[in-house]
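Thank you all for coming. I would like to take a few minutes to walk you through one model, beginning with the overall chain and then turning to two places in it.

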Amino acid sequence: MSVRVRRVYEPPEPDDGLRVLVDRLWPRGLAKDAARVDEWPKGLTPSTELRRWYHAGEGSFEEFRERYEAELAGEEAAGLLDGLRGSARKGPVTLLTASKDPERSHAAVLADLVKHRRPKK
């Protein structure tokens, strides 16, 4: 199963496979045709409250991960996550984010959950 995380501002690559934007808001200054996004499942993104809490620097990445995984255990998000896993079983999936540090973002948490485990309930 090939799942990777990239910044949405990087040019698309032939081996990206399915390109999935995992941010709640559209990236600033990026034209939709340039991004070449195949899917934009907003139900997989962290809640506005969680996103603001984390970006305000009020908690650790580990605590953010726990809270985000709890959100992903909800019915809508769990269904979307299962769909993403199904896509990843069929071919490469690239999770796209505008985050400046993709490896310490919700996209990295999501990639880990697609590849390895289910969210905590």
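The protein chain has 5 helices and 3 strands, where helices (H or I, at least four residues) and strands (E, at least two) are DSSP runs numbered from the N terminus, and along the sequence they follow the pattern β-β-α-α-α-α-β-α. Please keep in mind that this is a predicted model, in which local features need pLDDT of at least 70 and side-chain atom pairs count only at pLDDT 80 or more, while totals for chains, interfaces and linings use all residues. Residues are numbered from 1 along each chain as its sequence is written, and side-chain values use heavy atoms, with hydrogens and water left out.

As for the overall form, a compact globule of 121 residues would have a radius of gyration near 14 Å, and the chain agrees, with 14 Å; this radius is taken over C-alpha atoms, and the globule rule is 2.2 Å times the number of residues to the power 0.38. Of the 121 residues, 41% are buried, and by buried I mean under 20% relative accessible area, with exposed being over 50% and partly exposed in between (1.4 Å probe, protein chains only).

Let me turn to helix 2, residues 48-55, where the buried residues are Leu50, Trp53 and Tyr54. Seen down the helix axis, these buried residues fall within an arc of 95°, so they line one face of helix 2, the arc being that of the directions from the helix axis to the C-beta atoms. They pack against helix 3 (61-72), with contact meaning heavy atoms within 4.5 Å, whereas Arg52 and His55, on the other side of helix 2, are exposed. After helix 2 comes Gly57, whose phi is positive, near 75°.

Which side chain of opposite charge is nearest to Asp23? It is Arg51, 7.9 Å away, and Asp23 is buried yet has no salt bridge, a term that requires a side-chain nitrogen of Lys or Arg within 4 Å of a carboxyl oxygen of Asp or Glu; for charge, Lys and Arg count as positive and Asp and Glu as negative, while His and the chain ends are not counted.
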